[in-house]
Amino acid sequence: GIDLGTSNNCVAVYQNDEVKIIPDDNGERFSSSYIAFTDTKKLFGETAKKNRNPLNTLFCIKRLIGHNFDSNYIKNWK
């Protein structure tokens with residue numbers, strides 16, 4: 001299962017009658033809801049959050065789901 005949270009995400013599997021949370025590349029059980037793009041790679045979680053370049057970093061995307069791209073709500077986020 002995947003829990004896409006507004007602030008954090010978590011991925012888990014049900015295996016051998018128990019839930020096992022899958023850690024991210026940094027060994028963390030929960031990852032910040034950030035994605036950043038550079039010329040050479042994609043950054044996720046805390047690494048993306050620390051990138052601090054608003055031109056190539058996405059966050060709080062879950063808050064935008066269900067809104068029309070041209071709505072006032074979206075325009076305010078831009």
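**Exercise 1.** Work out what holds the side chain of Asn 56, starting from the backbone oxygen of Phe 37.

*Solution.* Step one: that oxygen of Phe 37 sits 2.4 Å from a polar atom of the Asn 56 side chain. Before going on, note that this is a predicted model, where local features need pLDDT of at least 70, side-chain atom pairs count only at pLDDT 80 or more, and totals for chains, interfaces and linings use all residues. Numbering runs from 1 along each chain as its sequence is written, and side-chain values use heavy atoms, with hydrogens and water left out.

Step two: the Asn 56 side chain also has a polar contact with the side chain of Asn 51, at 3.0 Å (a pair of N or O atoms within 3.5 Å; within protein, one must be able to donate a hydrogen and the other to accept it, and residues adjacent in sequence count only if both atoms are side-chain atoms).

Step three: check the cover. Asn 56 has a relative accessible area of 18%, so it is buried (under 20%; exposed is over 50%, partly exposed in between, with a 1.4 Å probe and protein chains only).

**Exercise 2.** Classify Val 13 as buried, partly exposed or exposed.

*Solution.* First place it: Val 13 belongs to strand S2 (strands are DSSP runs of E, at least two residues, and helices are runs of H or I, at least four, numbered from the N terminus). Now apply the cut-offs: its relative accessible area is 34%, so Val 13 is partly exposed.

**Exercise 3.** Say how the chain is laid out along the sequence.

*Solution.* Count 2 helices and 7 strands, then read off β-β-β-β-β-β-α-β-α.
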